[in-house]
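Please look over the structure shown below before reading the questions and answers that come after it.

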Amino acid sequence: MPVLVITGTGTEVGKTVVTAAVAATAVAAAGRSVAVLKAAQTGVGPGEAGDAEEIARLAGGGVWAGELARYPEPLAPATAARRAGRAPVHPEDVAERAAKLAAEFDLVLVEGAGGLLVRFDAAGGTLADAAELLGAPVLVVTSAGLGTLNVSELTVHELQRRGLEVAGLVVGSWPADPDLAARCNLLDLPDVTGVPLLGAVPEAAASLPPETFRTRSPEWLAPQLDGTWDAEAFRTRAAAG
């Protein structure tokens, strides 16, 4: 897959750390050249580090990372652009830039902002529209605990309604001490969504030294994402406590 779109079931579910792990694994395990495109960065001012910089820090210098637009207020991109008096990002802009990067890199990861249907512009353009234009599969990052089944199923169903390929799900922040709901969700997530669980990134992974993050990233992702993570073995360990 030359382009993989990465969305989340909402904000703060771990999209950026999962994107970094996918990028690092593609470089380390598969020897690919990787570019990461952040469609729209909000809540970050000029000169401040955004998600693209965080991905580059964690994944290493072999990964190119950049953003299409930046808006200072932590709002949906369409709202943030309007309030800042700046031009919005359109799905066509995202698709065009990703396609150009795909001509230069083996793998292009396109990270969205917030959830799948967060609006980029006043016309209602979303990351889903960009994925349609690209004909790219979509990886869904979700949370571990109570409430994740509903939002995960809704996100996957919307992607499928649009005829888009869903690569699978990744838990963006797996707790060190998972509760009953989290442990049950390892089995229930693929059951209710109909798509595979392709990984679980441990909570606080972003606080690891970058070298450790890169070394360990393949352990958190399934072979479909160039890693070594095994869903059944992970479920067994989680159930055992």
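This is a predicted model: local features need pLDDT of at least 70, side-chain atom pairs count only at pLDDT 80 or more; totals for chains, interfaces and linings use all residues.

Q: Which residue in strand 6 is the bridge partner of V3?
A: Strand 1 (residues 3–8) and strand 6 (residues 107–115) run parallel and are joined by 5 bridges. Within this pairing, the partner of V3 in strand 6 is V108.

Q: Are helix 4 and helix 5 parallel, perpendicular or oblique to each other?
A: Two packed helices are described by the angle between their axes and the distance between the axes. For helix 4 (residues 91–102) and helix 5 (residues 127–134), the axes are 8 Å apart and the packing angle is about 45°. Since angles of 65 to 115 degrees count as roughly perpendicular and those under 35 degrees as roughly parallel, helix 4 and helix 5 are therefore oblique.

Q: How many nonpolar residues does the contact of helix 4 with helix 5 have?
A: On the side of helix 4, the contact is made by P91, E92, V94, A95, A98 and A99, which meet D129, A130, L133 and L134 in helix 5. Sorted by class, this contact of helix 4 with helix 5 has no polar residues and 2 charged ones, while the number of nonpolar residues is 8.

Q: How is helix 1 oriented relative to helix 8, and which residues of helix 8 make the contact?
A: The axes of helix 1 (residues 15–30) and helix 8 (residues 210–220) come within 8 Å and cross at roughly 95°, which makes the two helices roughly perpendicular. By class, their contact has 7 nonpolar, 2 polar and 1 charged residues. Helix 1 contributes V17, A20, A21, A24 and T25, and the residues of helix 8 are F213, R214, S217, P218 and W220.

Q: How many residues apart in sequence are the parts that the pair of D51 and K38 ties together?
A: Among the 14 salt bridges found in the whole structure, one is formed by D51 with K38, whose closest N and O atoms are 2.9 Å apart. Because D51 lies in helix 2 (residues 51–59) and K38 in strand 2 (residues 34–38), the pair ties together parts whose separation in sequence is 13 residues.

Definitions and conventions:
Residues are numbered from 1 along each chain as its sequence is written. Side-chain values use heavy atoms; hydrogens and water are left out. Axes are lines fitted to C-alpha atoms, for helices over the stretch in contact, and angles run from 0 to 180 degrees between N-to-C directions. Helices (H or I, at least four residues) and strands (E, at least two) are DSSP runs, numbered from the N terminus. Angles under 35 degrees count as roughly parallel, over 145 as roughly antiparallel, 65 to 115 as roughly perpendicular and the rest as oblique. Contact means heavy atoms within 4.5 Å. Ala, Val, Leu, Ile, Met, Phe, Trp, Tyr, Cys and Pro count as nonpolar, Asp, Glu, Lys and Arg as charged, and the others, Gly among them, as polar. Two strands pair if DSSP finds at least two bridges between them. A salt bridge is a side-chain nitrogen of Lys or Arg within 4 Å of a carboxyl oxygen of Asp or Glu.
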